[in-house]
Amino acid sequence: MRTRLLAASLTALAAVSLAACSSSGSTSASGSNKATVAVATPSSATTASGSDAPAPPAPPASVPATPDAPGTPEAPGSAPAKPTPPTDAGLPAKPDADLTGKTVAALNAIDPAIVGGKPDQVVDQARKQCQAMYQFPKDKDKLAELAKQNFTSSEHPQSLDPDTVAKIDDALRATLCPPPH
């Protein structure tokens, strides 16, 4: 009788301890916080044949990771990981004919060689520059480097000076680029 009671008590204690550990903030795959507590009673400690020998212990349930376990993405006291922005973040949609005209006119006003008679190509280059302005809003050197890459071509091989780069960025902000985030 003592053996049965001892086995039942130990099983119940283990189940409660396991439930306490697993319900301390971890969630199941369905996202709900619930813990299942299996409590052994003296009647469940006997075998099916009715003998006084304790029933073999049930195999341990898999224990979900707790928030402070190593390798879990969210540890207490830390902020959740920042999601990675999509690769097209800051890239404006292809403009309609009216917006294309305004963008081309603004770039022609700076230097007609920038457009070079290829409005569709320069609008694609301008969209890439808008994306760069979104991704690197405060890095003037990076924006200048990318503007030189985007607006230098075989028809316009000379490198752009800093004044021209600033004018291009201002013209794109006024026409094609979405407002800053």
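Colleague: What makes the largest nonpolar core a core, and which residues have the most contacts inside it?

Modeller: The model is predicted, and its largest nonpolar core has 21 residues. The name applies because a nonpolar core is a set of buried residues of the nonpolar kinds, joined through side-chain atoms within 4.5 Å. Leu107, Val122, Phe151, Ile168 and Leu172 have the most contacts inside this core.

Colleague: Which elements give two or more residues to this core?

Modeller: They are α2 (97–110), α3 (112–115), α4 (119–135), α5 (140–151) and α6 (162–174). The largest share, six residues, comes from α4.

Colleague: What is Leu107 in contact with, leaving aside its neighbours within four places in sequence?

Modeller: Leu107 is in contact with Ile114, Val115, Val122, Phe151, Ile168 and Leu172.

Colleague: Why is α4 called roughly antiparallel to α5?

Modeller: α4 and α5 pack at an angle of about 165°, with their axes 9 Å apart. Angles over 145 degrees count as roughly antiparallel, so α4 is roughly antiparallel to α5. The crossing of these two helices is right-handed.

Colleague: Which residues make the contact of α4 with α5?

Modeller: From α4 they are Val122, Gln125, Ala126, Lys128, Gln129, Ala132 and Met133. From α5 they are Leu143, Leu146, Ala147, Asn150 and Phe151. By class, the contact of α4 with α5 has eight nonpolar, three polar and one charged residues.

Colleague: What makes α4 and α6 roughly perpendicular to each other?

Modeller: α4 and α6 pack at an angle of about 95°, with their axes 10 Å apart. The range for roughly perpendicular is 65 to 115 degrees, and α4 and α6 are therefore roughly perpendicular to each other. Ala126, Gln129, Cys130 and Met133 of α4 make this contact with Asp169, Leu172 and Arg173 of α6. The residues of the contact of α4 with α6 divide into four nonpolar, one polar and two charged.

Colleague: How do you know that α5 is roughly perpendicular to α6?

Modeller: For α5 and α6 the angle is about 85°, and their axes are 10 Å apart. Since 65 to 115 degrees counts as roughly perpendicular, that makes α5 roughly perpendicular to α6.

Colleague: Which residues in α5 and α6 meet?

Modeller: Leu143, Ala144, Ala147, Lys148 and Phe151 in α5 meet Val165, Ile168, Asp169, Leu172 and Arg173 in α6. The contact of α5 with α6 divides into seven nonpolar, no polar and three charged residues.

Colleague: Why is Thr100 called buried?

Modeller: Thr100 has a relative accessible area of 14%. Buried means under 20%, so Thr100 is buried. The place of Thr100 is in helix α2. Neighbours within four places in sequence aside, Thr100 is in contact with Pro95 and Val123. Thr100 and Leu176 are 76 residues apart in sequence and 8.1 Å apart in space, C-alpha to C-alpha.

Colleague: How do you know that Val115 is buried?

Modeller: The relative accessible area of Val115 is 7%. The cut-off for buried is under 20%, so Val115 counts as buried. Val115 is found in helix α3. Not counting residues up to four places away in sequence, Val115 touches Val104, Leu107, Asn108 and Val122.

Colleague: What makes Tyr134 partly exposed?

Modeller: Tyr134 has a relative accessibility of 31%. Under 20% would be buried and over 50% exposed, with partly exposed in between, so Tyr134 counts as partly exposed. Tyr134 lies in helix α4. In sequence Tyr134 and Ala89 are 45 residues apart, and in space 7.6 Å apart, C-alpha to C-alpha.

Definitions and conventions: Residues are numbered from 1 along each chain as its sequence is written. This is a predicted model: local features need pLDDT of at least 70, side-chain atom pairs count only at pLDDT 80 or more; totals for chains, interfaces and linings use all residues. Side-chain values use heavy atoms; hydrogens and water are left out. Buried means under 20% relative accessible area, exposed over 50%, partly exposed in between (1.4 Å probe, protein chains only). Helices (H or I, at least four residues) and strands (E, at least two) are DSSP runs, numbered from the N terminus. Contact means heavy atoms within 4.5 Å. Axes are lines fitted to C-alpha atoms, for helices over the stretch in contact, and angles run from 0 to 180 degrees between N-to-C directions. Angles under 35 degrees count as roughly parallel, over 145 as roughly antiparallel, 65 to 115 as roughly perpendicular and the rest as oblique. A crossing is left-handed if the near helix is turned anticlockwise from the far one by less than a right angle, and right-handed if clockwise. Ala, Val, Leu, Ile, Met, Phe, Trp, Tyr, Cys and Pro count as nonpolar, Asp, Glu, Lys and Arg as charged, and the others, Gly among them, as polar.
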